[in-house]
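This briefing accompanies a two-chain structure and is arranged by topic. Please read it alongside the sequence and the coordinates.

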Amino acid sequence: MNGKHIMFQKMSQLMDNDIATEEEKNSILDHIQSCDQCRREYARLQEMMKLFAGIRKNDRLRADLSGSVVKEYLSRKRKKSFFKIMPAVAAAVVFILAFGLNSYWQGGRHTSRIASSSLSVAPANDTSKVVDIISRNNAKILKVTDLYIEGEVSGGSFKRLRKELGFRKVSYAFVRGESGTSSNFIEEVGTLSNKAYMDAETNGNPSRAIRFRVYKE
Amino acid sequence: MSNTEDIKNIEKVLAGDIEAFTPIIKKYQDMVFRYVYSKFNNYDEALDITQDIFIMAIEALKSFRGESKFSTWLYSIMINYCKNYRKKQNRFSLVSMNSSKDEDEYDIQYPDERERPEDEVIMNDSLRIMKEEIQNLPDDYRDILILRDIDGLSYNDISDTLGINLSNVKVRIHRGRELLKNRLYERGLI
C-alpha cells in the first residue's frame, strides 16, 4: 500500500494468495471494500482473470493427439533409419555398377570366370541328357560332333524319341535299303513338325530305320 | 498421474515401449496446446506444433535425467520450440515480403476465424480481444502470463521452466498483468 491506495502488485499477489501474512491480507481487503477507486481496479483485475479462465476452459484440443503423435514418431523414425543406411546402399550400388561396367568393357577380351564356366557346363549337361534319351529309346549313336549327335533308330521308336527330345532341334532322314545309305536330312520346321509325313513313311514298315541328328544348343 | 507415474512411463518408453508415452500425451496435451494456441492464435497450426513438440520430447527423452519434474522439462522443450518456430516464421515472412509483394502491400496476421460451429460458441468477442492483447504483449510478459494464468503453473515451475529466479517471476507476472489490464481497459473490455 502506498498510504492512500493499494498498489496493483499487491492486488495481483492477493489474486495469487501470495500475501505474506493474514493480517496484511485482511487489511488490503478492508481497504478495497472501502475505497471506490481500489474496488474498481480490483474488479477489473478479477474480470481479466475471468477472461484468462475463459481461455483456459475453451482452448482445449478437440482430439486426442496420442495416436497421431506415436504414429508420426514411428514414421519419422523409419525415415531416419532409411536415410542412415542410404550411404551404405549408395556405396553398394556404386560398387555393383563399377563391377558391371568393368565386366562389360572387358567382355571383348575374355568373359568372367563365372560366365565361361556356365557356358561350358550347360552343353555338357545337355549332351549327357540327349545320350540318355537316345539310349532309352533303343537308338544307336553313330557320331558325335561339335554341332550335333547323329544316331539311328527304328521307324517305330522314332516318334517317341522325338517327343522326348522336346525343344531340341532335330533333323532326320530315312535309311534306304540294306546299304545303310540315308536320304537327305529333312530339317524340321518347328518342333515335332512333319510328324504326319514321318508317320506315313514308316507306317508300312515300322522296322525301317531313321537316321537323325540332334543339334547342340 | 503424478511425476512418479510419468517417470515409470518414461522408463518404459526408453525400454522400447513407445505406447507407454500415450498417457503422458493425454495428460499434457491440453496444457501444451493452450500455450501454443495462445502464442500463435491459429487452431490448425497450434495442433501441428503441439504434435511436433511431443515428437521432439520422445526423441529427446534420453536426455531427461529426472533432476527436475518431467512437466518442467516438457515445458522447456515447448517454450524453446515455440521461440525457434517464431524465428523461422519471421525469417520466412521477411523473404516473402521482399520477393513477392509490392511496396504498398504488407502481411496482416488475421486471427483464425474460420467458420466452425464450435468456434462460434467458443470464440466470443471478449475472448478474441483478450487474445489479441495477450499477443501484443512483450515476449517476457506474454510467455509468463500464459504459463501462469492460462496453464496454471506454479511460481516455482515457471522459475524452473524459464530459468529465472522466483522474485523475477513474480515481478514479471504482476507487471504483465498490470500492462494487460490497462490495455483491456483502454479497449473497453473491463
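**Backbone and strands of chain A**

A:Asn138 is exposed, with 12 other C-beta atoms within 10 Å; a residue counts as buried if 20 or more other C-beta atoms lie within 10 Å of its own, as exposed if 12 or fewer, and as partly exposed in between, with C-beta atoms placed from the backbone. This is a predicted model, in which local features need pLDDT of at least 70 and side-chain atom pairs count only at pLDDT 80 or more, while totals for chains, interfaces and linings use all residues. Residues are numbered from 1 along each chain as its sequence is written, and chains are lettered from A and ligands numbered from 1 in the order in which they are written.

*Positive phi values*

- A:Asn138 lies in the loop between α5 (113-136) and β1 (140-144) of chain A; helices (H or I, at least four residues) and strands (E, at least two) are DSSP runs, numbered from the N terminus.
- The phi of A:Asn138 is near 55 degrees, a positive value in a residue other than glycine.
- A:Asn17 likewise is not a glycine and has a positive phi of about 55 degrees.
- The loop between α1 and α2 (22-34) of chain A holds A:Asn17, which is exposed, with 7 other C-beta atoms within 10 Å.

*Strand pairing*

- β1(A) and strand β2 (residues 148-154) of chain A run antiparallel and are joined by 4 bridges; two strands pair if DSSP finds at least two bridges between them.
- A hairpin of 3 residues leads from β1(A) to β2(A), and A:Ile141 stands opposite A:Gly151 in β2(A).
- β2(A) also runs antiparallel to strand β6 (residues 209-215) of chain A, with 7 bridges between them.
- A:Tyr148 has A:Tyr215 in β6(A) as its bridge partner.

**Chain B**

*Overall make-up*

- Chain B has 9 helices and 0 strands.
- Of the 190 residues in chain B, 33% are buried.
- Among contacts in chain B with a separation of 6 or more, 61% are between residues 24 or more positions apart; two residues are in contact if their C-beta atoms, placed from the backbone, lie within 7 Å.

*Helix α1*

- Helix α1 (residues 3-14) of chain B has 12 residues and reaches 16 Å from its first C-alpha to its last, close to the 16 Å expected at 1.5 Å a residue; the expected span is 1.5 Å times one less than the number of residues.
- B:Asp6, B:Asn9 and B:Ile10 are buried in α1(B).
- These residues cover an arc of only 105 degrees around the axis, which puts them on the same side of α1(B); the arc is that of the directions from the helix axis to the C-beta atoms.

**Contact between the chains**

- The contact takes 28 residues from chain A and 33 residues from chain B.
- On the side of chain A that touches chain B, the elements that give two or more residues are α1 (8-15), α3 (36-58) and α4 (66-106) of chain A.
- α3(A) gives the most to this side, with 11 residues.

**Confidence**

- The model scores ipTM 0.78 and pTM 0.59.
- Chain B has a mean pLDDT of 85, with 82% of its residues at 70 or more; pLDDT is the predictor's confidence in each residue, from 0 to 100.
- Over residues 95-111 of chain B, pLDDT stays under 50.
- Where pLDDT is low, the predicted coordinates should not be read in detail.
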